[in-house]
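Open the model in your viewer and keep the sequence panel beside it. The stops below go from the whole chain to one residue.

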Amino acid sequence: MDEITKLKQEAYALELIQQKFPNKEAVITEIMNLEAILHLPKATEHFVSDLHGEYPAFDHLLRNGSGNVKTKIQAVFGGRMTPASLQDFATLIYYPQDKLKDITLHLSPNQLEQWYLDTINHLLELLRFTATKYTRSKVRKALDPSFAYITEELLYTNAHEFDKRSYFDQLLKNLLNLKMADAFITATCYTIQRLVVDHLHVLGDIFDRGNQPDKIIDRLMHYHSVDIQWGNHDILWIGAASGSELCLLNLLRICARYNNLAVVEDAYGINLRHLATFAQEHYDDNPGFRPKLLEGDAFKFQGDQLQLTQIHQALAIMQFKLEKQVIDRQPDFAMENRLLLDKIDYQKQTITIEGHTYPLINSCFGTVDAQKPYELLAEEKEIIRELVYSFRHSYRLRQHLDFIVRNGSMYLRYNGNLLVHGCVPVDKNGKFVTFHHKGHNYQGISLLNFFDSLIRQAYLNEASQDDQDLLWYLWQGPISPLFGKQAMTTFERYFIADKTTHQEIRTPYFELRKDYDFVCRLLQSFGLNPETGHVINGHTPVKRGHSGIMAQGKMLVIDGGYSKAYQKTTGRGGYTLLSNSYGLVLVSHHPFTSRKDAIQNDHDIISTTRVVNHETTRKLVADTDIGQQLQQKVDLLRSLLN
Ligand SMILES: O=P(O)(O)OC[C@H]1O[C@](O)(COP(=O)(O)O)[C@@H](O)[C@@H]1O
Ligand SMILES: [Mn+2]
């Protein structure tokens, strides 16, 4: 921008400010207001990751603020309530409607009146406590509009002042007489939930494995403040909706594998009939492709297990065939080692990989021509074409992905921390690995920036063939920041018994991230202060007996472990993280059982909390990114005054 344009813009900005604050008093009031906000304690951030379609567990964590609601209850009522009453009160705040139904059924009218009075008083006390961190105007925005006036009156009226006592009592009485108590309690519980966490970070992998990613996204779309760091599974869906056939086949294959095709059919209205009839004609039952069923899982796809097994095979074979085209046209990807259909001896039913010959298991190569193994049948091509069309034209999917793309990024710098789903590719010496593409080199932050713009451009505008190939590369390419492994051994997992071939070797980042100096250098390379910053990762489940706190607390891994299929390895529900004005707290969770159990048996799922770092002086809004923006406004207003 040249000097004259810049000056013009500054003058215009000043004019706008003058319109908003027409006189000296207005400017002074605003400065005082902003400076007061800067001195409030920093609001709480909540970090979650790897939700994998597990809506009820995720919903529970939002309701209890990863245990933060309980912490506040304990701070206010500890010593005044028994642990059982405390938990009962907590469950009411998490699930007010269900809990109210339960309670109102079991109490006599007299008991109920007393219960209402006690509960409303307790809720107001807790609300007052949670609201102290915020300005009145922010609290007002968090209130249900139908109860904003009365709540403010109750909240800011000192009932202990003699003159005000009867006013306060009258307000309460009216709530009861007008049969508004239930609605008021419900609204107040939701306000408390909202105030307990100010901002939510979702570190990726909303989709796949669990069956309600759509409900998670609906919930996020209505959440008051959220950002997303894209995960490799999210890229499959963004890629599919951008026209990538391979992303599409992968995601459908995973849906078939986890008995989740209902998400595609019912939630997103995509018709799979053609795929199903084709699969029925060409594939039989095959133990290697039966859906992974969790205990108590009922079939949600309008077919049976056999049909799902057939679809699963059809998708896998189409995927392996199609990979050839991308790998051939993209030598930069260096993924030739993933081409395995031509390493098969179809007569002997063996495969030879790097000099080793293995017998094939779960063989299902009926649609593969041994002479031209990568050639897709005309019908396969047609099915893929139809499916891509449907994915691009599903209205609800588009709405959901619009939200994810617009509110997401490859990485985020937020309040001094670096948030990224997978990794930043490095070699074993910690040097950034370079990704070469079309004559350009990308590494470290520039690699992440490159993929960030690619995703936006490909999804929001028209994706070229090259863009689509790159989106698939993000899913399983060796230098993909979202994958972080040398190769994805999907083929070997299906068709070779020898488990040594199944191994997916993680890139050196995952060992190096345990090292304090490495993490500090990484933060620095992203322009962050290594003394105060942290790196926060999702993606890799933290196994039983391991810790998600690494590099002396500089590196925090918070795979939520929501995915039920993975809980055998992790032995817990997973981790979340809270960042409040006192520091960082890592929360570990038991697996979530069910919403019913949570409500009826007051079954909460927190197991332990561990303080990662404790601030010696309480952090204020002034110490945050938003604080800096507010400070800039104050400076500008001051210059206006002068
Ligand atoms: O557990 P499954 O269904 O076999 O999936 C395994 C595949 O998922 C991946 O782990 C990727 O998913 P994550 O991002 O959840 O780790 C691949 O590396 C691996 O091949
Ligand atoms: Mn992942």
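Among contacts in the protein chain between residues at least 6 apart in sequence, what percentage join residues at least 24 apart? The figure is 72%, where a contact means C-beta atoms, placed from the backbone, within 7 Å.

This is a predicted model, in which local features need pLDDT of at least 70 and side-chain atom pairs count only at pLDDT 80 or more, while totals for chains, interfaces and linings use all residues. Residues are numbered from 1 along each chain as its sequence is written, and chains are lettered from A and ligands numbered from 1 in the order in which they are written.

Start with the whole chain. Its C-alpha atoms fill a box of roughly 95 × 75 × 45 Å along the principal axes. Of the 642 residues, 41% are buried (20 or more other C-beta atoms within 10 Å of the residue's own, with C-beta atoms placed from the backbone).

Next, colour by domain, using bounds from an automatic or database domain assignment: domain 1 (3-40 + 634-641), domain 2 (65-196) and domain 3 (213-476). The C-alpha centres of domain 1 and domain 2 are 39 Å apart.

Now select Ile-238, Cys-247, Leu-248, Leu-275, Ala-314 and Leu-577. In the largest nonpolar core, which has 153 residues, these touch the most other members. Such a core is a set of buried Ala, Val, Leu, Ile, Met, Phe, Trp, Tyr and Cys residues joined through C-beta atoms within 7 Å. Helix α17 (residues 305-329) contributes 10 residues, the most to this core. The core lies between domain 2 and domain 3 because both give residues to it.

Finally, centre on Ala-314. Beyond its neighbours within four places in sequence, Ala-314 contacts Leu-275, Phe-278, Ala-279, His-282 and Tyr-283.

Note on methods:
Buried ≥ 20, exposed ≤ 12 C-beta atoms within 10 Å, placed from the backbone. Contact = placed C-beta atoms within 7 Å. Helix = DSSP H or I, 4+ residues; strand = E, 2+ residues; numbered from the N terminus.
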